[in-house]
Amino acid sequence: MHADKIIIIDFGSQYTKLIARKVRECHVYSEVIACTADMTGLVNDKTIKGIILSGGPQSVYMKNAYSLAELILSLNVPILGICYGLQLLSHHFKGSVKGGVTREFGKTNIHITSRKGILSGVQSDLTVWMSHHDHIKKLPRGFKATSKSENGLISSFEAVKERIYGVQFHPEVNHTQQGIKILNNFLYKICRIKNKWQMGSFINEKVKEIKQLVGNEKAICAMSGGVDSAVAAYMINKAIGKNLVCVHIDNGLMRKNESAEIVKYFRGRLNLKFIDASKLFLSRLKGVIDPEKKRKIIGKTFIDVFQDFAKKQARGKNKIKYLVQGTLYPDVIESSSFHGPSVTIKTHHNVGGLPKSLHMQLIEPFRELFKDEVRVIGRLLKMPDEIIGRHPFPGPGLAVRILGDVTKEKLDILREADYIYRLNLHKHNLYDKIWQAFAVLLPVSTVGVMGDLRTYEKVVALRAVESVDGMTANWFPMPAKALEEISTGITNKVKGINRVVYDISNKPPSTIEWE
């Protein structure tokens, strides 16, 4: 039995994948499709129970604005428009959308005038997250406003007969009160979802799919030791067993003792090979300052090392035809306009396909999943907590936590600072309360005093955030006692650092990583 499905049409919002994540949080399978994509394949898909139109950066009245495909309306399923999606529905059905003097960004209060449909059971006054400068001036015939903002602007509507609904605010963002309830109302009261999506079903389907794809051929898994690649390896090992060759590359950019711990844990459990390529990576990074160049160099070097390994392994029928990576949804949305016209934030080394010279097909079993969903899969596969509970670690490693050029000396300094930081988080029982924590070495030296001597040494910044999926994050309110012990431990034990600062930026506007 296939799960019921919601299709999300992406008009370029940075929140599109967050919509997908929140729908899945409601146990409903979702897929994202670009508004520019060929949608003819949707016509005969009987599992589609509803459509969500995302926000976007355009104005619907602009000459080249993205329009609503007639095919979407022909599916005869309920539609929910969010932000640009709401304005697009109004514009399509001959309502009026205008740019106004009053703009609404951030937290805004709204008053609900009709607590039915998607607003059923929701409190009368809500604080919601807005992000728009256009607004509905006049609704189409047959449409009814169901709430207004404190500025008197329409913030939601419904056309019950047509099963069309719209919200000017973002229910997918945590700052919106009862946002999940609103989405649940759309999914279960309006779309009448019955066949829920379960992770156990996802595992079974993926294992079956990979068995059929790979057959008796061999595949390489890029085993970084992080949650994503580890869970991917376990799941694919379930599908093809010893035909999966897990390769851990020490790129010289790992945390303290990390490569040794990875090899110790996974060898014996998986078919694991170890490659020390640290000198190659550091030589190619010499003198490189720009973070995008760092990421691209590291990505290319990973491919080069895998290509060399694959060539050495290729003996007749033992040729390796597949490469497995633990790419996640947030990696994809931040790297490219994968599902629509959204703006690129930064490149991820494991996103964007493979060069033809590698002669391997890419398998990315988690490309449509979020970090917490991968952790659920890990638990279902009975993996230990010390593996699936690890904080996220970027593919480029410490290279993007050193601002400026990367050298062995800087790496050694950062490794020690990061190690002390993590030890103290465990000591104070904070590690599992934090989604991600790490240290960043800044390209700044400051004056300090140690004993009777003047010092002029580096600054390290500490970062710790609370998050669910990495798409948004709040800085973690670190207890003062823990901060003091971490700072003292770093400045006393790490030669080359005389100052520690704490980052209290949220995402957005900042990203979690500094580069």
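**The second largest pocket**

Mentor: By class, seven nonpolar, four polar and ten charged residues line the second largest pocket; here Ala, Val, Leu, Ile, Met, Phe, Trp, Tyr, Cys and Pro count as nonpolar, Asp, Glu, Lys and Arg as charged, and the others, Gly among them, as polar. Keep in mind that this is a predicted model, in which local features need pLDDT of at least 70 and side-chain atom pairs count only at pLDDT 80 or more, while totals for chains, interfaces and linings use all residues. Residues are numbered from 1 along each chain as its sequence is written, and side-chain values use heavy atoms, with hydrogens and water left out.

The pocket's volume is about 540 Å³. A pocket is an open set of points on a 1 Å grid over the protein atoms alone, where a 1.4 Å probe fits, with protein on both sides within 12 Å along at least five of seven lines; lining residues have an atom within 4 Å of a point. Points are joined across faces, edges and corners, and the volume is the space filled by probe spheres set on them.

Of its 21 lining residues, Tyr29, Glu31, Trp197, Phe202 and Glu205 sit closest to the centre. Strand E2 (29-34) and helix H5 (199-214) are the elements giving two or more residues to this lining, and H5 gives the most, with five. Such elements are DSSP runs numbered from the N terminus: helices are H or I with at least four residues, strands E with at least two.

Now the largest pocket: it holds about 720 Å³ of space. Its lining has 26 residues, with Glu386, Ile387, Arg390, His426 and Tyr431 nearest the centre. H7 is the top contributor there, with five residues.
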